[in-house]
Every structure is written in structure tokens, then in C-alpha cells.
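This report looks at a few residues, one by one. Please keep the sequence and the model open while reading.

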Amino acid sequence: MSTPPDYYPEDKEKALGSVEDDAVYAEAAPDRVIASRFGVLGPLLAKLFASGVEARGIERVPEDQRESKNAWNNLLMWWSVNAVLTTIPIGVLAQSVFTLSFGNAVATIICFGALGGVATAFIATLGPITGLRTMIITRFSSGYFGGTIYSVLNILTQLGFSTTAVILGGQTLANINPGTLPLVVGIIIIGVCCLVPCFIGYDMVHVYERYAWMITCVIMLFLWGLGGKAGYDINAQKPFEDTGRALSADILSFGGIVFGSFSGWAPVAADYNCRLPADTPPMRVFLLTFFGLFIPICFVEILGAALMTITDPAYIAAFADGSTGGLIAQVLSPWGHFGQFILVLLALSVIANNIPNTYSTGLSIQALGRPFAIVPRFFWVFLAFVVYTVAGVAGREHFSAILSNFLSILSYWTAFFIVIVAEEHFIFRRKNGPLGGYNLDDYDTPSKLPLGVAGILAWCFGVTGAVVGMSEVWYTGPLGKMAGATYGADLGFELAAAFSAVTYPPLRALEIKLTGR
């Protein structure tokens with residue numbers, strides 16, 4: 001964070017200059033700019049920023065203000081974010097929805113997880129290179145308007161993630177001592193705890209995530225051990241598993257959900273390392289981000305699949321009555337009151353997972369355009385908290401349906417988003433490519449950014465691929481229907497990525513030829 005500001009009325013004139021001058025000044029001193037914009041509220045805002053609340057929103061971080069040099073945060077942060085309670089239900093879906101055996105569930109998690117991890121880790125490398133937040137980076141491939149579309153999608157994505165997180169955290173708190181804590185109250189408690197570090201900002205987010213993994217990893221080991229004591233039966237699901245084309249369809253559909261659990265972080269991946277020095281080796285950022293995602297997500301999703309192999313009637317009844325939260329409470333029940341304490345910690349682990357969702361939602365709202373960008377980041381963070389907490393209360397009885405449908409659809413748009421950004425970076429922005437790199441000063445100047453026609457058309461082709469390949473409860477595309485048996489196979493994210501990958505390069509080359517940008 002920059003030096004705590006005093007409030008100077010003359011800063012108002014600087015903040016109300018030309019758009020480009022305002023952007024340059026905002027990069028160097030966002031706290032002063034914001035305080036100057038809000039008149040009588042200026043002194044209050046200045047004191048708020050001086051107390052430690054982050055003023056910087058989507059403004060680029062200049063090279064001389066990159067105070068963070070610890071690239072290992074890429075590993076520790078994503079480890080903390082994903083070694084949590086909310087990752088367990090994804091593995092549970094393998095058996096509860098797709099009737100996969102334990103072996104096939106593990107193989108699907110590892111293979112599709114590796115693909116999603118590579119995609120997300122690549123996006124993370126763009127943070128130090130550009131000093132920009134992820135949604136702003138999309139403007140260099142899809143233009144100002146195209147970046148706004150991505151911001152809308154990302155807002156919905158992060159709010160969806162947040163809703164499932166607070167529901168599961170609330171469920172777990174409510175199952176600690178059934179009948180004493182209403183589910184609604186549990187959801188509100190989790191939501192408020194997530195709000196605090198996100199309101200403060202970037203530095204507090206990293207401080208929390210740097211250490212949260214220590215406790216949650218120990219808890220996951222406890223769950224593995226207690227589940228083993230209850231008795232894993234890795235062959236329990238085999239009699240119920242489909243065969244032939246139906247099995248292939250189950251694997252592809254579950255694989256799409258697993259991919260979404262990884263790629264869902266791609267639209268925010270650069271948000272948390274844009275303060276690293278510009279000369280930070282991209283491969284270091286890539287590897288630390290990849291392993292920070294791959295190891296904990298696979299470890300915990302496989303745990304979820306393993307817990308579903310327990311055949312003890314008490315555990316089966318606990319899942320039927322209380323979903324994933326009830327099952328976990330049953331696993332910890334042999335430890336009595338200490339098990340209840342562990343359950344409290346596990347419920348609170350949701351905070352680490354939901355912090356990036358909440359923080360990045362505020363940034364994505366700012367990225368919608370200048371009218372939104374001038375409003376302080378913390379206001380949008382608070383609004384996001386209100387929205388997902390209310391949504392969690394409203395949808396608290398339909399957690400599994402929300403999770404399975406949401407993650408499937410999520411994987412569709414993140415797939416073509418990643419492809420388009422990657423092709424722009426490696427084909428058109430490479431050192432000796434048509435554009436020769438990024439002119440980072442243009443990030444908020446629509447007239448100097450690409451028109452975005454190529455990016456938006458490739459986006460439309462990606463949507464088309466998702467529609468013809470998807471398989472959901474409410475709709476199955478023609479190719480999805482052909483690929484599976486009774487219910488089809490979900491090929492949505494694969495075809496979304498393929499359609500965009502094929503169409504973007506020629507469209508972008510034509511756009512550059514006609515416009516020069």
C-alpha cells in the first residue's frame with residue numbers, strides 16, 4: 001500500500017483532469033484520487049485508507065510500487081484457498097451424481113485437474129508481467145467492451161462460488177450440534193468472516209492465506225484417518241457404475257466439473273500477484289501456482305470420493321440427511337467434543353476459499369467501466385457480500401444441485417476465456433509478433449485498445465461449442481447427446497475451447513491488419 005495520505009483539496013483538480021492524466025495519477029496515488037473525488041467524504045476516506053484499507057482497485061501497479069517480492073505466496077495462497085471444506089463436495093459428486101467407482105473418480109480428478117491447473121497457472125503469470133488485474137488484461141485481446149462482458153461473467157462466477165461456499169460452511173456449523181444453530185445464522189456468520197479481510201484489501205488477503213493452510217491440511221489428514229477407521233471400500237460403487245458409452249459420458253461430465261474447480265480460479269489468478277516485480281520469472285510463477293492448485297485440490301477432492309465409499313449405514317444416513325456437512329460430522333463423531341471443535345475449524349476454512357471470490361468480485365465490478373471504477377473497491381466488496389449471503393440463504397436447501405450445475409457451466413466460459421487470452425499472448429503479443437508486446441499505458445484508453453471484434457466473435461463461437469456439446473439436466477446439445485448414452489456426455493468445455501481456438505487467430509489477424517491494434 002502507498003504511503004498513508006493526508007487529504008489535500010488541491011488533489012481534486014488533478015483527479016478531475018483529463019481521463020488519461022487521471023489514470024496516470026490514479027496509478028501512483030489511488031488513495032488521494034479517491035479521497036478527492038468524494039468531496040465532504042474525502043477526509044473520512046483518507047483516514048480509512050491511512051488506517052490500512054486498500055485504496056487501489058483496477059489501476060495498474062507501476063513497477064516502482066511493486067513492494068511484494070515473495071513469489072512463494074503463489075503456492076501458499078492457492079494451497080490455503082483449496083485445501084478447504086468446499087473442495088470436498090466436488091469429489092463427493094463422483095459417486096453421488098455420476099456413480100463412478102473410486103478408481104475412475106481418482107483418475108478423472110488427476111487428469112482433468114492437471115489440464116485446469118495448467119490453464120489457470122498460465123493466467124497467473126500475466127500478473128507480474130502487466131501489473132494489471134485479470135479482467136483488465138482481457139481488454140488487450142477483446143477490447144474495452146469485450147472486457148466488460150468478461151467482467152459480467154466473472155462477477156456471476158465469483159458470486160456463484162461464494163454462494164456455494166457460505167451454504168456449505170453454514171451447513172457444517174449447523175451440523176455441529178443439530179438443532180442449536182439455524183442454518184441461516186451459520187451462513188451469515190461465514191459471510192461476515194469472509195468480508196473483513198476483503199474489505200481491508202490485498203495485503204490482508206495475503207497475510208491470511210499465507211498461514212491458513214497449516215490448520216486445514218492437518219484437518220484433512222484427520223478426515224482421511226477417521227474415514228479409514230470407519231472403513232473405506234473402494235469397490236463399493238462398482239456394482240452401480242455404468243458401462244460402455246454411459247461410463248464415458250459420466251467421466252466426461254464429472255471431468256468438466258473437476259476442470260471447472262481448477263479453471264474457475266483463472267479469471268482471478270493475476271489479481272493476487274500483480275504486485276510482484278515485473279522481472280519475476282514467469283516459469284516460477286507458473287510452477288508455484290500450478291502446484292498450489294493441483295496438490296491440494298486433488299488431495300481433497302479424492303478425499304471426498306473416498307468418504308463416499310464408506311458403507312456403514314450410519315454414514316450413509318448422515319449423508320442422506322445432511323449432505324456433505326452431515327457426512328463430515330459423522331466422520332468426526334468418534335472424537336466427541338474434540339470432533340465438534342474440528343468441525344468448527346473446518347467450517348471456518350471456507351473463509352480462506354471465499355476470500356478470493358469476494359475480493360475479486362469487487363475488482364470485476366470496477367472493471368465494468370469508468371462509472372464503476374471511480375467507486376471505491378471496498379464498497380463493491382461489501383455489495384458482493386450482501387448479494388451472495390442473501391443468495392445462500394435463499395438456496396440453502398439445494399446445495400448439490402447448485403454445485404453440480406454451476407461448476408459445469410462455469411467450465412464452459414473459462415475454457416474459451418483462457419484460450420483467447422493465451423493465443424493473444426503467445427501469437428500476437430510475443431516479442432517478435434505482430435504487436436510485439438503490451439502497451440500497458442493503454443489499459444484504460446478504449447481508442448488505443450483492440451476493437452474487440454475478433455475476441456467477441458471468438459467468444460460467440462466458444463458459446464456455440466458449449467451449447468452443442470453441453471449436457472445438463474435442463475438441456476443436452478446435439479453433440480453431447482451423440483457422445484453419451486441415455487443422458488448424453490458433457491463436452492461443453494472441450495468444444496468451447498476448440499471452437500474459440502480455431503477461430504480467434506484468423507479473426508484477430510484480420511482485425512490487426514485493418515485497424516493496426
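Buried means under 20% relative accessible area, exposed means over 50%, and partly exposed is in between, with a 1.4 Å probe and protein chains only. This is a predicted model, where local features need pLDDT of at least 70, side-chain atom pairs count only at pLDDT 80 or more, and totals for chains, interfaces and linings use all residues. Residues are numbered from 1 along each chain as its sequence is written, and side-chain values use heavy atoms, with hydrogens and water left out.

**Accessibility**

| Residue | Relative accessible area | Class |
|---|---|---|
| Gly484 | 2% | buried |
| Cys298 | 6% | buried |
| Thr99 | 21% | partly exposed |
| Cys460 | 33% | partly exposed |

**Gly484**

Gly484 sits in the loop between helix 21 (478–483) and helix 22 (492–515). Helices here are DSSP runs of H or I with at least four residues, numbered from the N terminus. Leaving aside residues up to four places away in sequence, Gly484 touches Arg245, Ala249 and Ala489. Contact means heavy atoms within 4.5 Å.

**Thr99**

The loop between helix 6 (88–96) and helix 7 (102–130) holds Thr99. Thr99 is not a glycine, yet its phi is positive, near 50 degrees.

**Cysteines**

A disulfide is a pair of cysteine sulfur atoms within 2.5 Å. By that rule, the model has 0 disulfides. For Cys298, which is in no disulfide, the nearest cysteine sulfur belongs to Cys111, 9.4 Å away.

Terms used: Helices (H or I, at least four residues) and strands (E, at least two) are DSSP runs, numbered from the N terminus.
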